[in-house]
Amino acid sequence: MTVAALSYSDEQLAQTQKGLIRTCVSAVEKLADDIFSYELSAEDLPEFSAGSHIDVHLPGGIIRQYSLCNDPQESHRYVIAVLRESNGRGGSEYIHEHVVEGDELLISQPRNHFPLIIGKGPLHFVAGGIGITPIMAMVAECVRKNVDFHLHYCVRSRSRAAFLEPLRPLLDSGKATVYVDDEGIKPNFQNTFAQPGAGEHIYYCGPSGFMDHLALVTKHWPKDTVHFERFSAGTDQEALQDDSLNEAFEVRLASSGKTYTVQADESIPEVLRRNGVQVDVSCEEGYCGTCMTRYVGGQPEHRDSVLDDANRRSYVMICCARAKEGPLILDI
Ligand code: FES
């Protein structure tokens, strides 16, 4: 297949030296209204685990995150599914309008902030709309390993539901349920998750209101049994980000020792970029993970919805973090 290049800048292409992967779009398929899948191929693709996502780098410096939805056992390809969001920030529209079979696409190494842990009890997967994407990889792994699970899939209508065909065997065997809003088929998660069972875990992903509802109906479950990934900032997190209370702090680069002041109305990436230090950001709201950076000194005030307590001891999402105690020394 001929590889055609989208018009990447030299600076973006140079980043392949720093770990970006040049892939070929080997297949594009319509999955549902406004949803297309893109199969990305390259030699020696890094392995990935269920729940992983990649950053897709688009011309013009746009970076967007997409979950890998194929079986992690497949080593020859990554598959992402992209919902066209007309009121979004433009990344999904660009992909739908410009990315075709044969194009070259720059992507990051896979990262996983939503890992699947297979324990002794049954697993509950709950997906809302395009939140099905990371769940598909988890389901594939559970089917392959014969793990006990049930998938709850909430969609607005069947025409907007991706992956209904591949899920057909699970629907027919009773291992999956689809709730279709415009047919009046609605879930009752309050009942479904009324009682946490021994060894049971819940994994959920979907739009903001769906996430808030799942957080509410699972709040009595042990914290380490509830796992989720957001595609947008959560309401709890937004409440934390009362920028009017921000204070200035200092940030230092470990490699050069240079120290910069981040004013109350600035973010760390803004200050670094102004001083010629390139850092990747995407959502700039603390939920995508693109800006994750190791720190080696100071005490960050974490404001993201990605890192768990263990990761927060070493990493910080610099797009939204402040410092409780400075200087915050970044391993850059
Ligand atoms: S840019 Fe998305 S978490 Fe920082």
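I count a salt bridge when a side-chain nitrogen of Lys or Arg is within 4 Å of a carboxyl oxygen of Asp or Glu. The model is predicted, so I ask for pLDDT of at least 70 for local features and 80 or more for side-chain atom pairs, while totals for chains, interfaces and linings use all residues. I number residues from 1 along each chain as its sequence is written, and my side-chain values use heavy atoms, without hydrogens or water.

**Salt bridges**

My search of the whole structure gives 18 salt bridges. I find Glu39, Glu74 and Arg77 linked in a network of them. Within it, glutamate 74 meets arginine 77 at 2.8 Å, N to O.

I also looked up arginine 294 and aspartate 331, whose side chains pair at 3.9 Å, N to O. Arginine 294 is in strand S15 (292-301) and aspartate 331 in the segment after strand S17 (322-330), so this bridge ties together parts 37 residues apart in sequence. My strands are DSSP runs of E, at least two residues, and helices are runs of H or I, at least four, numbered from the N terminus.

Arginine 294 is partly exposed at 36% relative accessible area. For me, buried is under 20%, exposed is over 50% and partly exposed is in between, with a 1.4 Å probe and protein chains only.

**Cysteines**

I took a disulfide as two cysteine sulfur atoms within 2.5 Å, and I count zero. For cysteine 142, the nearest cysteine sulfur is that of cysteine 205, 15 Å away. Cysteine 142 is buried, at 0% relative accessible area, and I note that ten of the 14 residues of helix H3 are buried, cysteine 142 among them.
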